Amino acid sequence: MKTDLNKHDEFVNTNMYVLSIITQNTLFVLQRVAGMFSRLRINIEHINISRHSDPLSYWNVVVYSTDDRVWLLIKQLNKIIELVDVKIIDKMPMTSLRKPVIDDRL
Amino acid sequence: MKMAGAEAIVKSLVHLDVKHIFGYPGGAIMPTYDALFNEENLHHVLVRHEQGAVIAAEGYARLSGKVGVCIATSGPGATNLVTGIADAMLDSIPIVCLTGQVNSALIGTDAFQEADIVGMTIPITKWNYQISKASEIPYILAKAFHVALSGRHGPVLIDITKDAQQGEMEFDIKDLEVFIDHKLQVLNDEFENAAKLINSAKKPYIFAGHGVTKANAENELERFASLAGIPIACTLHGLSCIPMDHPLYVGMLGMHGNYGSNLLTNEADLIIAIGMRFDDRVTGNLNTYAKQAKIIHIDIDNVEFNKNVKVDVTICGDAKDVLSELYKHILPNNHDAWIKKFHDYYQEEHDEVIHHQITNQAGQMIKMAEVVSLLSEKTQGNAVIVSDVGQHQMIAARYYEFKYPRSHITSGGLGTMGYSLPAAIGAKFAAPKREVIVIVGDGGFQMNIQELAVLTQENLSVKIILLNNEHLGMVRQWQEMFFEERYSFTNLLNPDFIKIAEAYSIPGLHIEDASDLDSALDKLLNAEGSFLLEVMVEKQGKVFPMVAAGTGVGDIRLK
């Protein structure tokens with residue numbers, strides 16, 4: 001029963017985040033950045049990368065996660081040498097996206 | 001100046017003040033080895049396995065504070081480095097690994113000895129890069145050294161294709177001098193808040209970690225703690241940053257740390273964590289960890305703040321800068337009654353555990369702690385202790401009375417067995433005048449035993465104490481305590497280690513009897529060159545105190 005309640009908490013704390021990332025446009029940069037997401041067990045729901053001005057790539061990434069997790073992710077991403085900038089451009093609680101399914105008997 | 005890429009690599013390393021380089025040649029790195037052949041300013045140490053090279057570079061870096069450099073060929077040479085790189089990542093050791101790579105035209109064709117080492121090492125390096133043009137070499141190498149040493153230290157891997165090594169390039173020394181300042185400025189200004197907490201605390205408590213040693217902040221720590229009268233406990237890597245006989249030193253933190261230093265974590269009203277990262281081996285169960293205390297966290301890497309433990313004040317910066325600045329804000333104080341509590345607990349631990357561990361009753365086998373304790377006495381705490389991983393590692397950390405900084409080298413974060421012998425080789429090159437003593441178990445010794453050949457070939461004097469219990473002792477201890485004494489594959493049928501040492505022209509001595517220990521240690525310490533002392537120790541020995549996995553620091557057990 002305890003785990004189910006935790007799951008419920010996790011769901012309430014879960015948000016949808018839209019991240020905007022700017023990196024250098026180099027070999028391996030996709031692995032470096034995407035690898036940081038998977039290392040923290042954050043799944044990428046949506047990703048869009050394009051080169052605007054010559055040496056830079058602009059990323060738009062959507063993830064479902066929690067504040068603590070995403071802050072840790074952003075701090076870790078900042079350590080990537082090829083990363084120029086990362087910020088959260090949008091955040092929306094999951095509860096507003098979808099009604100949580102909670103067993104009333106709990 | 002026109003030259004080949006390989007020559008530029010060697011010239012760059014010399015210019016970047018590299019004195020020793022640990023490596024193993026092979027096909028894709030041969031042009032660089034050819035350039036090394038005539039270079040008098042760079043001493044190459046030939047190891048016997050690439051893992052030995054990368055760990056030796058780590059040992060060198062840890063003792064010297066400079067970047068350790070290792071070199072290997074492509075494919076298997078490069079993949080053999082992986083464990084050591086991961087080790088350096090977790091312990092924040094500045095090393096630069098150079099690997100050869102197949103011709104850039106062959107990359108992606110599954111060529112002979114091709115491996116995507118850059119892709120493989122992304123998660124375990126601070127930075128890595130593949131050089132495919134000779135002209136990139138000086139700039140990228142300078143950047144590699146800069147990245148390894150700036151901010152939080154870490155490993156960097158540079159993969160160099162064979163054609164880049166052979167290609168012609170214009171060598172310009174200016175390319176190497178782009179990066180100068182390794183020091184991170186202290187950014188945030190939380191000193192006032194930190195000082196307010198420190199000045200009003202009744203039971204303040206300092207945790208000193210690896211960051212203190214890395215920043216050479218030992219004196220600043222001592223000055224700071226003495227002024228405010230705050231007790232200091234060290235993490236495993238923090239050990240030796242303050243002399244163990246210092247009145248403010250109260251013990252080691254963590255799973256096998258001291259009794260009082262762990263218990264009182266849950267009684268302190270203020271914890272000042274310096275250059276440590278609240279690793280799970282230090283905190284135990286986080287739900288019962290230091291909930292009553294305010295915490296000031298000083299670290300060079302802001303990722304560590306609030307990662308495992310929620311803290312109240314964070315100061316991001318080099319420990320030396322932060323402590324000198326903080327010193328100006330605090331008031332003289334003393335907390336003798338609080339420090340006495342640590343001593344009372346130590347007395348309890350001494351009566352229950354330490355006393356039994358370091359004294360021998362007739363008929364008993366030798367215990368690990370007896371060896372380390374006697375060694376500590378005989379060397380007066382002056383030696384550099386390089387330990388492997390397992391029970392003997394914890395015993396070495398607990399019973400050796402370190403007097404000088406940078407005296408304790410071990411694999412902490414990754415817990416790499418086989419670490420001690422190659423690390424000691426690197427350490428000896430970094431500090432040839434210091435006594436370097438390896439403390440190793442029979443399991444770990446056999447993981448990099450081939451590096452004994454380096455001791456002979458390089459004519460090094462490294463003393464090895466092999467604590468042989470014919471078991472993987474730490475795993476055996478857990479099996480006894482938590483797996484209903486089901487000793488699954490932890491007993492080792494060992495070779496004759498003395499004969500192995502002899503085969504490498506290293507003299508050795510095997511003892512089983514406690515009465516021989518004294519003279520055997522004398523013989524080891526007085527030996528001219530390297531020496532192997534094999535001590536048969538009790539098989540059922542267990543390390544206590546212990547914070548069992550999953551329990552909190554308050555549940556630390558004395559038996």
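Visitor: How many bridges join β15 (residues 384–387) of chain B to β16(B), and do they run parallel or antiparallel?
Guide: Two bridges join them, and the two strands run parallel. Strands here are DSSP runs of E of at least two residues, helices are runs of H or I of at least four, and both are numbered from the N terminus. Two strands pair if DSSP finds at least two bridges between them.

Visitor: Before we go on, what am I looking at?
Guide: A predicted model, where local features need pLDDT of at least 70, side-chain atom pairs count only at pLDDT 80 or more, and totals for chains, interfaces and linings use all residues. Residues are numbered from 1 along each chain as its sequence is written, while chains are lettered from A and ligands numbered from 1 in the order in which they are written.

Visitor: Back to β16(B), then. Which residue there is the bridge partner of B:Ile385?
Guide: B:His408.

Visitor: And what's the strand order in the sheet with β15 and β16 of chain B?
Guide: β16-β15-β17-β18-β20-β19, an open sheet of six strands with parallel pairing. β16 (408–409) and β19 (508–511) of chain B are the edge strands, each pairing on one side only.

Visitor: What does helix α23 of chain B lie across?
Guide: α23 (residues 517–526) lies across β18 (462–468), β19 and β20 (531–536) of chain B, at about 165 degrees to β19(B). Angles run from 0 to 180 degrees between N-to-C directions, with axes as lines fitted to C-alpha atoms, for helices over the stretch in contact.

Visitor: What about the sheet that has β3 and β6 of chain B in it, what's the order there?
Guide: That one is open too, with six strands in the order β3-β2-β4-β5-β7-β6 and parallel pairing. Its edges are β3 (43–46) and β6 of chain B, which each pair on one side only. From one strand to the next, the twist averages 20 degrees.

Visitor: How many bridges between β4 and β5 of chain B?
Guide: Five, between parallel strands, with β4(B) covering residues 68–72. B:Ala72 stands opposite B:Thr99 of β5(B).

Visitor: Switching to helices: how far does α7 of chain B reach?
Guide: α7 (residues 137–149) has 13 residues and reaches 19 Å from its first C-alpha to its last, close to the 18 Å expected at 1.5 Å a residue. The expected span is 1.5 Å times one less than the number of residues. Just after α7(B), B:Gly151 has a positive phi of about 60 degrees.

Visitor: Which residues of α7(B) are buried?
Guide: Among them are B:Ile137, B:Leu141, B:Phe145 and B:Leu149. Buried needs 20 or more other C-beta atoms within 10 Å of a residue's own; 12 or fewer is exposed, in between is partly exposed, and C-beta atoms are placed from the backbone. The cover over the buried residues of α7(B) includes α1 (5–15), β5 (95–101) and β7 (155–161) of chain B.

Visitor: Why does B:Leu13 count as buried?
Guide: Because B:Leu13 has 25 C-beta neighbours inside 10 Å. B:Leu13 lies in helix α1 of chain B. Beyond neighbours within four places in sequence, B:Leu13 is in contact with B:Val18, B:Ile21, B:Leu42 and B:Val69. Contact means C-beta atoms, placed from the backbone, within 7 Å.

Visitor: How is chain B divided into domains?
Guide: Into domain 1 (2–177), domain 2 (191–342) and domain 3 (365–536), with bounds from an automatic or database domain assignment. The C-alpha centres of domains 1 and 2 of chain B lie 37 Å apart. Five residues of domain 1 of chain B are in contact with five of domain 2 of chain B.

Visitor: Now chain A: what pattern does it follow along the sequence?
Guide: α-β-α-β-β-α-β-α, with four helices and four strands. Buried residues make up 15% of its 106 residues.

Visitor: How many bridges join β1 and β4 of chain A?
Guide: Nine, between antiparallel strands, β1(A) being residues 15–24. A:Ser20 stands opposite A:Lys87 in β4(A). Of the 11 residues of β4(A) (residues 83–93), the number buried is one, so β4(A) lies largely in the open.

Visitor: Last one: how many residues does each chain bring to the contact between chains A and B?
Guide: 10 from chain A and nine from chain B. On chain A's side, α2(A) gives the most, with four residues.

How values were computed. Two residues are in contact if their C-beta atoms, placed from the backbone, lie within 7 Å.
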